[in-house]
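Hi,

Here is the structure I promised to pass on. Have a look at it first, and then read my notes below.

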Amino acid sequence: MDLQAFFEPRTVAVIGASDKPGKIGHTVVANMLGAGFAGRLIPVNPKGGTIEGLPVTTSAGDLPKGLDLAVIAVPRDAVLPALRELVEIRAKSAIVITAGFKEVGKEGFLLERDMAALAAESGMALLGPNCLGMMNTGHGVNASFAAGQPSKGPIAFFSQSGALCVAILDWALGENIGFSKFVSLGNKAALDESRMLEYLGRDPNTKVILGYIENVEHGQEFLRQAAAVTRAKPVIMIKSGTTAAGAKAASSHTGAIAGSDAAYTAAFRQSGVIRVADVESLFNLAEAFSHQPLPRGPNLGIVTNSGGPGILAADACERSRLHMASLSPATIAKLQSFLPSFAALYNPVDIIGDSDPARYKQAIEAVLTDPMVHSLLVILTPVASVEVEATAQVIVDLSRRSDKPIFACFMGKKQVAPGRRILQEGGVPCYAFPEPAIRSIESMYVHALNRARPEPVYPEVVRDLERARAVIDRAVTRGLTEIVEFEAQEMLAAYDLPTPKTMLARGSDEAVAAAEAIGYPVVLKIASPQISHKSDVGGVKVGLADAAAVRAAFFDITTRAQRLRRDAYIAGCLVQEMAPKGSREVIIGFKRDEQFGPLLMFGLGGIYVEILKDIAFRLAPLSRADAFEIVREIRSYMLLKGVRGEQPVNFKAIEDIILTMSRLALDFPEVYEAEFNPVLVNHERAVVADVRMTLHLNGPETHSQE
Ligand code: ADP
Ligand code: MG
């Protein structure tokens with residue numbers, strides 16, 4: 001959608017304009033004038049007359065044809081009629097400030113739906129309802145009822161919460177932070193975060209994009225837009241409602257349905273969006289990105305005038321994706337030539353408490369020119385002799401001349417305040433403590449990596465869709481909501497998934513014959529469409545070494561299952577090849593997320609899964625790189641890699657199964673949830689040793705599978 005008329009209008013009407021100061025319809029007019037709008041501004045009010053010296057039009061229907069933007073601030077029930085009139089005159093865009101829609105209940109919800117439909121039919125860009133409005137500082141537009149005019153700057157901000165817009169605007173005015181665009185999204189009946197990303201990504205006046213959202217409207221579209229934008233600009237977002245309480249508050253707030261946090265985490269990660277937890281970090285990063293160059297690598301140098309803070313910073317660095325740079329011998333020799341004998345010459349470089357600005361300058365220059373250093377953190381502790389302001393000025397001067405990012409950490413508050421001001425004005429991000437400084441540098445590094453990431457590769461998955469479809473259809477016809485292991489064998493075969501040799505035996509003779517064909521030892525598992533948790537009814541016996549053991553197990557498993565689950569139809573037992581020695585158990589599964597579609601998960605299997613909750617997530621479709629990363633992301637990765645002489649498992653084999661699972665999830669929307677648990681993997685191969693799939697009760701949902 002083209003948002004030029006919306007963001008850069010030449011004609012703007014304010015519907016519900018008022019001559020009474022304090023009324024929203026007055027503030028919008030005053031704000032437009034205050035922003036220095038150079039186009040034509042037309043107040044609309046049935047009473048006529050003039051407002052702020054501008055002649056008033058009495059009806060929206062009388063507005064000039066092809067109007068660029070209408071700002072609507074009339075009572076709720078007058079909004080839809082006003083929009084209809086605007087459609088008549090072919091207005092290109094509208095902002096509905098008025099509240100009382102989706103966020104208040106059914107009646108409002110229906111009205112909002114009609115508004116959205118009207119906008120969609122007529123191709124009108126619609127912001128809101130229930131929003132504060134929009135500002136474009138580069139075009140003299142303040143189509144909002146906010147107090148205060150922000151200055152121009154490289155930061156674009158959009159927010160689902162109008163109240164947060166107000167607060168941030170006020171804060172930005174106090175901190176002298178400028179914006180390119182400032183958008184209050186409100187209920188997002190039409191324009192949403194995806195459209196903002198699409199537009200702002202191409203906006204030459206925007207260098208950094210910030211967003212606050214409570215939910216994403218169209219998951220797949222968001223992923224697409226965000227992934228494209230983050231190759232060029234940093235996108236930093238807060239997604240609130242991550243806790244259960246927060247999610248509940250969010251859903252009554254703008255009527256939003258908050259998706260599962262794991263899905264959001266995966267979405268941000270896969271699309272390269274930097275997620276932060278609070279408003280302070282949002283603007284810390286915005287400042288960093290707008291003034292400092294991106295680091296060209298992970299290696300951090302630290303120059304400090306005190307030991308403790310230097311160690312804190314080094315610790316934080318090691319916990320992050322950055323590394324402590326090891327300085328070259330030449331740099332160390334240089335440092336040694338001018339630093340006092342008891343200074344620490346290795347990174348972190350401790351230049352001692354009595355450091356004056358000149359020593360800071362020499363040390364920073366030495367470390368900064370070391371080719372092994374990609375970014376620099378300068379720490380200052382306000383010991384008695386330190387010259388806070390002069391040191392700050394030295395850092396600013398060096399930063400201006402450097403193509404590597406420089407951050408400062410001036411520890412404390414009161415004493416260092418004048419220094420911080422100099423740094424901030426000079427574009428050097430300054431923090432009171434090392435950890436947030438490290439986090440910011442890390443985020444810049446991660447963004448640099450994201451920009452350079454190769455185009456994703458989605459490998460072909462060979463499969464027999466008809467054969468798989470037959471399995472699903474059979475289950476649906478029989479009214480099953482679950483497909484259990486013995487029925488899913490066909491499905492596994494259709495997707496060419498590796499499985500242990502498996503045969504269905506209806507009696508103990510057949511079981512022995514199967515075991516002989518497969519080769520001892522074998523596993524026996526209960527085969528019943530109604531029993532999905534086989535171990536719970538004593539339905540799995542492993543390590544059966546001979547015919548007698550197989551016979552006994554068959555009898556034992558089937559009689560016990562029949563006794564415990566009288567309702568269950570028992571088809572017999574699966575006889576299965578034992579996983580080879582040294583196999584480890586992992587889980588590969590997916591769950592369908594409302595906003596984002598299939599959410600794949602990978603984790604260590606076995607009896608500790610529930611306790612460890614060591615799981616990583618990615619949204620489908622997974623690329624080769626996603627599959628590579630997901631298996632390495634869990635904490636237990638080291639266990640799979642092997643400890644004390646163990647061989648590493650065949651990671652490629654696991655990744656292939658993950659990619660196949662991702663394909664299956666997209667092929668069959670009627671499968672709501674699926675789990676391969678366990679997948680047994682050793683250094684040679686991986687096999688799917690158990691499957692469970694849950695089907696939608698009433699067929700697949702129709703939404704959001706773009
Ligand atoms: P369920 O999850 O329904 O109880 P599974 O088929 O997952 O049944 O079996 C339970 C456990 O038995 C697995 O987690 C695994 O530890 C073990 N197991 C299952 N199949 C095999 C096999 N082919 N080789 C070795 N161990 C197996
Ligand atoms: Mg299982």
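This is a predicted model: local features need pLDDT of at least 70, side-chain atom pairs count only at pLDDT 80 or more; totals for chains, interfaces and linings use all residues.

Residues are numbered from 1 along each chain as its sequence is written, chains are lettered from A and ligands numbered from 1 in the order in which they are written, and side-chain values use heavy atoms, with hydrogens and water left out.

Ligand 1 first. There are 20 residues around it, and Lys 525, Lys 534, Ser 535, Glu 585 and Asp 690 come nearest (near means a heavy atom within 4 Å). By type, the shell has 8 nonpolar, 5 polar and 7 charged residues (nonpolar being Ala, Val, Leu, Ile, Met, Phe, Trp, Tyr, Cys and Pro; charged Asp, Glu, Lys and Arg; polar the others, Gly among them). Glu 577 uses a backbone N or O atom, 3.0 Å from a ligand nitrogen. The protein covers 82% of the 540 Å² of accessible area that ligand 1 has on its own (Shrake-Rupley, 1.4 Å probe). Strand S29 gives the most to the shell, 3 residues (strands are DSSP E runs of at least two residues, helices H or I runs of at least four, numbered from the N terminus).

Now the magnesium ion, ligand 2. Its protein donors are Asn 677 (O) and Asp 690 (OD), lying 2.2 Å from it (donors: N, O and S atoms within 2.8 Å of the metal, or 3.2 Å for Na, K and Ca; water is not among the atoms, so the site may look incomplete). Asn 677 is in S29 and Asp 690 in the loop between S30 and S31, 13 residues apart. Asp 690 counts as buried because its relative accessibility is 10%, whereas Asn 677, at 21%, is partly exposed (buried is under 20%, exposed over 50%, partly exposed in between; 1.4 Å probe, protein chains only).

Last, Ser 144 in strand S9. It is buried, at 1% relative accessibility. Its side chain makes a polar contact with that of Asn 142 at 2.7 Å (N or O atoms within 3.5 Å, one able to donate a hydrogen and the other to accept it; residues adjacent in sequence count only if both atoms are side-chain atoms).

Cheers
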